[in-house]
Amino acid sequence: MNTIHNIYQVKLLNPAILLIRFWLGTVMLKHSGTYLFQGKVHELASFLESLNWPYPLFMAYASQITEFLAAILILIGIRFGAWIMAFTLGIAVIFAHSGKIYSEAELPFNYFLMSIVLSLTGCGKPGLDNVFSRKSK
């Protein structure tokens, strides 16, 4: 007999994961794309320089390219992209926003948590990870 718990747990898990995956992937693609393709990398580099980060321009480009590629991986359903995004956002929350998760780092921390959820659960059935794991079994 299907209880309400089993119905929600099984039938709605993949749509929930897909929703998180779609939102996180698109918003981070937009965010990093704005920096990369609309000339905002130098603003980020200036911010990193004010924090005394080494090689601020290189770090600014590296973080935004990493976020952009990770967002693409998340959108196509590859869990490794979520791990990369979690790492990048974790660094941003801790170092760039001083860990202030209830104020200025609230948004990046939320995206960090979404990345952790996808890292732990996988990217769901409509994703490449699922296709690859099915072929190997």
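Here are a few questions and answers on the pocket and a helix pair of this predicted model.

Local features need pLDDT of at least 70 and side-chain atom pairs count only at pLDDT 80 or more, while totals for chains, interfaces and linings use all residues. Residues are numbered from 1 along each chain as its sequence is written, and side-chain values use heavy atoms, with hydrogens and water left out.

Q: What volume does the largest pocket have?
A: A pocket is an open set of points on a 1 Å grid over the protein atoms alone, where a 1.4 Å probe fits, with protein on both sides within 12 Å along at least five of seven lines. Its volume is the space filled by probe spheres set on the points, which are joined across faces, edges and corners. For the largest pocket, that comes to about 640 Å³.

Q: Which residues that line the largest pocket are the closest to its centre?
A: Lining residues have an atom within 4 Å of a point. There are 27 of them here, and the closest to the centre are Leu44, Ser63, Gln64, Glu67 and Ala92.

Q: How are α3 and α4 oriented to each other?
A: Helices are DSSP runs (H or I, at least four residues), numbered from the N terminus. Axes are lines fitted to C-alpha atoms over the stretch in contact (heavy atoms within 4.5 Å), and angles run from 0 to 180 degrees between N-to-C directions. The α3 and α4 axes lie 8 Å apart at an angle of about 125°. Angles under 35 degrees count as roughly parallel, over 145 as roughly antiparallel, 65 to 115 as roughly perpendicular and the rest as oblique, so α3 and α4 are oblique.

Q: Is the crossing of α3 and α4 left-handed or right-handed?
A: A crossing is left-handed if the near helix is turned anticlockwise from the far one by less than a right angle, and right-handed if clockwise. For α3 and α4, the crossing is right-handed.

Definitions and conventions
Helices (H or I, at least four residues) and strands (E, at least two) are DSSP runs, numbered from the N terminus.
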